[in-house]
Amino acid sequence: MRATVGTDLEHAAELLCSGELVAMPTETVYGLAAHAFDPEAVLKIFTVKDRPAFDPLIVHVGRREDLSAVASELPPGSEQLMDLFWPGPLTLVLPKHENIPDIVTSGLDTVAVRMPAHPIALQLLQKLPFPLAAPSANPFGYVSPTSAQHVADQLGAKIPYILDGGPCNVGVESTIIGWEPRGQGGQWVIYRHGGLPIEELENVIGVTGSETVHQHPLAPGMIASHYAPRKPVFIGDVQALMRRNAGKIIGVISFQNEYVAHSCDVLSAGGDLAQAARNLFAALRELDGSECDVIIAEEFPDHGLGRAINDRLNRAAAARH
Ligand code: TXA
Ligand code: MG
């Protein structure tokens, strides 16, 4: 099989209806989508990605009314969160509806769901009479794809079709939150920092930054070696790390500063964290595919999208090589 890359929504919808996989653009990263109510179609996602069965998928909906077939109830504040942030890079972990096969949620009684903001993803979802289960369209553990070409490079031989929606304009995966019965009734807990900065969420659900950030054992975005290039990644004081790696071919990822190295990817010369997030995964991929021996990255400012960037870089650096 060799994937066709195109913009044919009809064809994508037909493939999905017949239980095939389609890579689709979202505003965060490209997803590898399957009919969410069809366990055999969903199984193909795990096979193609070489993803362990314990790592649950995100279900994507194109209409709010589709949620009633995905989640069995809505915890307090859900409606307000959806009003404010959907479509967009916010995933809610909700009690699961029995329609959702266990393979989608890795046997959990909760389901992760979001409405993506990319117009092509929305058009596709709105054409279909079922939601789409879709993790990021990369081999398990590798950097997520932010262009159709990234998907074609890695999964092109294993899937029939890649819907091309151009480069993703958020560039890091969605922020994931879940309602947990704690304290007085319950609270929203952040499972993964992502494309929606928590500063925007705090005003609504009252979480207080990193204090409530919870290393959820069931959110394998939390697995240390996630988002990992094959090359070693080091984060911190770039000059010091360059000295420590003297003699090696060095690729640098920086926020605004230029460094004299074999190559230096400045993610946003103007200091815009959203632009930096947009460029992050393409830079990691490019350096990983280059002749560099090591990748050295600055630590980003720890606010707004900088938190998601630092999280991905730290996981890339935590990988065992
Ligand atoms: O932006 C995104 O979130 C992208 C696009 C395609 O929507 N999707 C994505 O999926 O990044 P990915 O590969 O990260 O996989 C879904 C992650 C799981 O690894 C897990 O961390 C979390 O979602 N997840 C799914 N179901 C969950 C659940 N019931 N409880 C806790 N975490 C869950
Ligand atoms: Mg992923």
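## Angles between helices

Angles under 35 degrees count as roughly parallel, over 145 as roughly antiparallel, 65 to 115 as roughly perpendicular, and the rest as oblique. Axes are lines fitted to C-alpha atoms, for helices over the stretch in contact, and angles run from 0 to 180 degrees between N-to-C directions. Helices (H or I, at least four residues) and strands (E, at least two) are DSSP runs, numbered from the N terminus.

This is a predicted model, in which local features need pLDDT of at least 70 and side-chain atom pairs count only at pLDDT 80 or more, while totals for chains, interfaces and linings use all residues. Residues are numbered from 1 along each chain as its sequence is written, chains are lettered from A and ligands numbered from 1 in the order in which they are written, and side-chain values use heavy atoms, leaving out hydrogens and water.

## H1 and H5

Helix H1 spans residues 9–17 and helix H5 spans residues 119–127. Their axes are 10 Å apart, at an angle of about 50°. H1 and H5 are therefore oblique to each other. Their crossing is right-handed. A crossing is left-handed if the near helix is turned anticlockwise from the far one by less than a right angle, and right-handed if clockwise.

Contact means heavy atoms within 4.5 Å. H1 brings Leu9, Glu10, Ala12, Ala13 and Leu16 to the contact, and H5 brings Ile120, Gln123, Leu124 and Lys127. Six of these residues are nonpolar, one is polar and two are charged. Here Ala, Val, Leu, Ile, Met, Phe, Trp, Tyr, Cys and Pro count as nonpolar, Asp, Glu, Lys and Arg as charged, and the others, Gly among them, as polar.

## H3 and H7

Helix H3 (residues 78–85) packs with helix H7 (residues 198–205) at about 140°, and the axes are 11 Å apart. That angle is why H3 and H7 are oblique to each other. H3 passes H7 in a right-handed crossing. Gln80, Leu81, Leu84 and Phe85 of H3 touch Glu200, Leu201, Val204 and Ile205 of H7. The contact has six nonpolar residues, one polar and one charged.

## H9 and H10

Helix H9 (residues 273–288) and helix H10 (residues 305–318) cross at roughly 20°, and their axes come within 9 Å. That makes H9 roughly parallel to H10. The crossing is left-handed. From H9 come Leu273, Ala274, Ala276, Ala277, Leu280, Phe281 and Leu284; from H10 come Leu305, Gly306, Ile309, Arg312 and Leu313. Ten of the residues in this contact are nonpolar, one is polar and one is charged.

## Around ligand 1

Some side chains pair N or O atoms with the ligand. Arg51 has one 3.0 Å from a ligand oxygen. Thr110 has one 3.0 Å from a ligand nitrogen. For Arg114, the distance to a ligand oxygen is 2.9 Å.

## Two backbone details

The peptide bond from Trp86 to Pro87 is cis, with omega near -10°. Pro87 lies in the loop between H3 and strand S5 (90–95).

Asp50 has phi near 60°, a positive value in a residue other than glycine. Its loop runs between helix H2 (39–49) and strand S4 (58–60).

Methods. A polar contact is a pair of N or O atoms within 3.5 Å; within protein, one must be able to donate a hydrogen and the other to accept it, and residues adjacent in sequence count only if both atoms are side-chain atoms.
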